[in-house]
Amino acid sequence: MSKVYRIIPKTTKRTNNTVLTPEMEIIVTLDHHSSDPFYNGAKEIKAMYMERYGYDYERAYASKAWFDYERLD
């Protein structure tokens, strides 16, 4: 059973020529069964941000503390 989360940035962050804003909200479906969407190195989150916004999570040195999340299912 997969889990669905809404990931929302807390504030605007500018790091290494990348910009993350609270409007850059994503919805992610996880393959693993964890209550934390950042558990497995945030690979689904990284992929979704790159696909949807062209935002490089790793280049920006983003961390879990930058985001709020809520479970949708």
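Me: What should I keep in mind about the model and the numbering?
Reply: This is a predicted model, in which local features need pLDDT of at least 70 and side-chain atom pairs count only at pLDDT 80 or more, while totals for chains, interfaces and linings use all residues. Residues are numbered from 1 along each chain as its sequence is written, and side-chain values use heavy atoms, with hydrogens and water left out.

Me: OK, which residues of helix α1 are buried?
Reply: In α1, which covers residues 43-53, the buried residues are E44, I45 and Y49, where buried means under 20% relative accessible area, exposed over 50% and partly exposed in between, with a 1.4 Å probe and protein chains only. Helices (H or I, at least four residues) and strands (E, at least two) are DSSP runs, numbered from the N terminus.

Me: Why do they line one face of the helix?
Reply: Seen down the axis of α1, the buried residues fall within an arc of 130 degrees, so they line one face; the arc is that of the directions from the helix axis to the C-beta atoms. The face turned away from the buried side carries the exposed residues K43 and E51.

Me: And what do the buried ones pack against?
Reply: They pack against β1 (3-9), β3, β4 (26-30) and β5 (67-71), with contact meaning heavy atoms within 4.5 Å. After α1 comes G54, whose phi is positive, near 70 degrees.

Me: Switching topic, how many residues has the largest nonpolar core?
Reply: That core has 17 residues, and those with the most contacts inside it are I7, I45, Y49, Y55 and F67. β1, β4 and α1 each supply at least two residues of this core, and β4 gives the most, with 3 residues. A nonpolar core here is a set of buried Ala, Val, Leu, Ile, Met, Phe, Trp, Tyr and Cys residues joined through side-chain atoms within 4.5 Å.

Me: What about T18, buried or exposed?
Reply: T18 is buried, with a relative accessible area of 9%, and it lies in strand β3, residues 18-20. Not counting residues up to four places away in sequence, T18 touches K13, Y55, D56, R59 and A60.

Me: Last one, where is I8?
Reply: I8 is in strand β1 and, at 24% relative accessibility, counts as partly exposed. The C-alpha atoms of I8 and F67 are separated by 5.5 Å, although the two are 59 residues apart along the chain.
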